[in-house]
Every structure is written in C-alpha cells, then in structure tokens.
Amino acid sequence: MRNWINAPLLKALTSPAGFGAGLGREPGPSNPDERESRFKVRTAWISDVHLGTPGCQADALLDFLKRVECDTLYLVGDIIDGWQLRRSWYWPQAHNDVVQKLLRKARKGTRVIFIPGNHDEFARKYIAHNFGGIDVLDEAIHVTADGRRLWVTHGDLYDGVVQYARWLAVAGDLAYEFTLKANRWFNRIRAKMGLPYWSLSRYLKHKVKRAVSFINEFENAVAREARKRGADGVVCGHIHHAEMRDIDGILYCNDGDWVESLTALVEHHDGQLEIIDRGYQAALPGMRIAAAPASSPSPAAVPLPVPATVRDTLS
C-alpha cells in the first residue's frame, strides 16, 4: 500500500494546514434551503463509503452529512478503500470534502467514532488513537437509557471469505469493481435515454441465490456473536445491504453503503431506529444528483429508549 495510507495521511487530513495544502478544502456554509431541510437525530451510523473509488457516491453523502445533525456519528468501516488505492490512485475533490465535513462535525461537538473495516484495515494500527477529534476504535457498545446494548462492528471478522480465503476476497473485490464499471457504462446509456440511475450489482445481489444465502449467513453469524457478548443487538456494515430485523431475539441492523444503496441508520430523539434511504440521489461521477421525491414511505421504525449514551469499548 502506498506509504501515505498511514498515520501521516490521517494527520495531514486532520490538520488545519490540510485545507491549503491540496489535501482538501472545508465545505462551505449551507444555503438557506439546506439549513431549513436539516434534521436532528440522536445518533447516526454510516459505513462502506469507499472513498478513493469511482463508485463512491461522495456528493450524495456530503449532502446527507450537511443535513443531519447528531450527538454521535459512527463510521462503521470501509470509509476509505485502501484495497483500491493500492491498485490505482483516485481521490477527487468531493472525497476531500467528505473527510473535511466529518472533521468539521467533530470540531462542532459531534462525537465521531471510526471503527475500521477490511478495506481500511490500515487504520486498525491506530486503535485507541484520536485524529482531528475522531476516535478510532476496534468496536463499540452503544448503550440506551434503559440499559439496552447495541454492539457496533464493521462485520468483516465474521465473513469467512475475508478471514480464511483472502485471495478469494480480493478476487471478489476485483469482480465487484468490474461490475461497478459495467454499471457506470450502462447508466451512461440510460442517462442519454433520460432514464434514472439503476444499480446492476444491487440487482444481482438480490437475485442471485448464492448471494442471498451469503447475506443470510452473515446476518445470522453477527447476531449469534452479539448474543454471545450479551448485547441486545448489533449494528454493522460490510455486505452493502441495509436491513433492520429481529434474529432470534437479537436486533440486527445493517446501515448499508454509499456506493449502491446510499443508506444510513439513525436513532431519533424518541428512541426509534430508522434506515434513511437516499438511493434516489445515486448518480455517475459528474452527474447532478436528483431532487428528493415529493413523498417517500418511511421504513418501519424500531423503538429504542431515549436518550442514548456511548461506551467506548467492549470488556
């Protein structure tokens, strides 16, 4: 991996000098319409952003980050894609803007917790460190007011392919990258025809039987681990499939991704959990993101007590 994907990179990105050193500029103030459309929640979780890849929907994520205000923000792994950056350099201004927006939230009082995943595993060398106000943790427990415990982990440690057949995981990553490239070519044609964005990889993930089986096995594995740890639920990412359901008495929550589905998990001030779906904003790099639909049904919310507090590490 390039030698900048380490502490010097993190320090550069989190340094005030980074704004004028070509590493990025802090996103400017929101316009009045953006301020009016902001919404406040107690906690937010995002993962699988994959900064450093053409597939990252950075503009849509930046729009979400501008609008959401929260006490605690979890970055649940694969925020930066070190695997892809090993192979080729890709770091446009929009990706810097996302990083600087996260740092600005930390400076403004939001507690930002970064839990590395397999694609940004380089950051696992800096567990228990703080960069620019962002805490780097291996995993965390999010505790509700009545003592409910949600275990927060990226999830790759419970993916047998990643752990025991790394070559296959890398091959799968290359195949996934190829699918995303084909998807961009396909959507350029759709754009010329006036058709909306459509995700080929997301379609295949839901239709291919073995992919569906893998998702179910992963969900059951992390739910079992949450039970072993004495947690009431788990929040994870990794598989790019947003979901919130009960698995044998364990609340399973996956916050999705910002490559295909454009989803986040939030906890409202009344204690409810909800998956926020911004998939309508998916677009190719350089394309303008779509406006919000006039009305969209909200997924069923799962009640959790208010307020929430955070405990850093598991015993």
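**Figure 1. Glu219 and Arg245 in the predicted model.** In this predicted model, E219 counts as buried, since its relative accessibility is 2%. A salt bridge joins E219 to R245, and 2.6 Å separates the closest N and O atoms of the two residues.

**Figure 2. The salt bridge between R229 and E225.** R229 forms a salt bridge with E225, and the closest N and O atoms are 3.0 Å apart. E225 has a relative accessible area of 17% and is buried. R229, at 29% relative accessibility, counts as partly exposed.

**Figure 3. The salt bridge between R42 and D71.** The side chains of R42 and D71 meet in a salt bridge with an N to O distance of 3.5 Å. This pair links distant parts of the chain, with R42 in strand β1 (residues 39-46) and D71 in strand β2 (residues 68-75), 29 residues apart. R42 counts as buried because its relative accessibility is 16%. D71 reaches 41% relative accessibility and so counts as partly exposed. The structure as a whole holds 10 salt bridges.

Figure 4. Helix α3 spans residues 58-67 and is mostly covered, with 9 of its 10 residues buried. The buried residues of α3 are A58, A60, L61, L62, D63, F64, L65, K66 and R67. D63 and R67 are also linked with R278 in a network of salt bridges. In general, an α-helix has 3.6 residues a turn, so residues three or four places apart point the same way.

**Figure 5. The surroundings of L102.** L102 is part of helix α5, which covers residues 93-107. With a relative accessibility of 6%, L102 counts as buried. Apart from residues up to four places away in sequence, L102 touches L65, L73, L75 and V112. Between L102 and V112, the C-alpha to C-alpha distance is 7.7 Å, and the two residues are 10 residues apart in sequence. L65, one of the residues touched by L102, is among the buried residues of α3.

**Figure 6. The polar contacts of D135.** D135 lies in strand β5, which covers residues 134-136. Its relative accessibility is 19%, so D135 counts as buried. The side chain of D135 makes a polar contact of 3.3 Å with the side chain of R111. Another polar contact joins the side chains of D135 and N130, at 2.7 Å. When neighbours within four places in sequence are left aside, D135 is in contact with R111, V112, I113, F114, H129 and N130.

**Figure 7. T144 and G271.** T144 has its place in strand β6, residues 140-144. At 2% relative accessibility, T144 counts as buried. T144 and G271 are 127 residues apart in sequence, and their C-alpha atoms are 8.4 Å apart in space.

Figure 8. The structure holds 0 disulfides. In general, a disulfide is a covalent bond between the sulfur atoms of two cysteines. For C253, the closest cysteine sulfur is that of C236, and the distance of 8.4 Å is too far for a bond. C253 counts as buried because its relative accessibility is 0%. C70 is also buried, with a relative accessible area of 8%.

**Figure 9. The whole chain, as context for the close-up views.** The secondary structure of the chain comes to 9 helices and 14 strands. The chain has 315 residues, and 52% of them count as buried. Among contacts in the chain with a separation of 6 or more, 71% are between residues 24 or more positions apart. The accessible surface of the chain comes to about 14,500 Å², and 55% of this surface belongs to carbon and sulfur atoms.

Terms used
Residues numbered from 1 in each chain as written. Predicted model: local features only at pLDDT ≥ 70, side-chain atom pairs only at ≥ 80, totals over all residues. Heavy atoms only, no water. Salt bridge = Lys/Arg side-chain N within 4 Å of Asp/Glu carboxyl O. Helix = DSSP H or I, 4+ residues; strand = E, 2+ residues; numbered from the N terminus. Buried < 20%, exposed > 50% of the residue type's maximum accessible area, 1.4 Å probe, protein only. Contact = heavy atoms within 4.5 Å. Areas by Shrake-Rupley, 256 points an atom, 1.4 Å probe, with all protein chains shown as cover. Polar contact = N/O pair within 3.5 Å; in protein donor to acceptor, adjacent residues only side chain to side chain. Disulfide = S-S within 2.5 Å.
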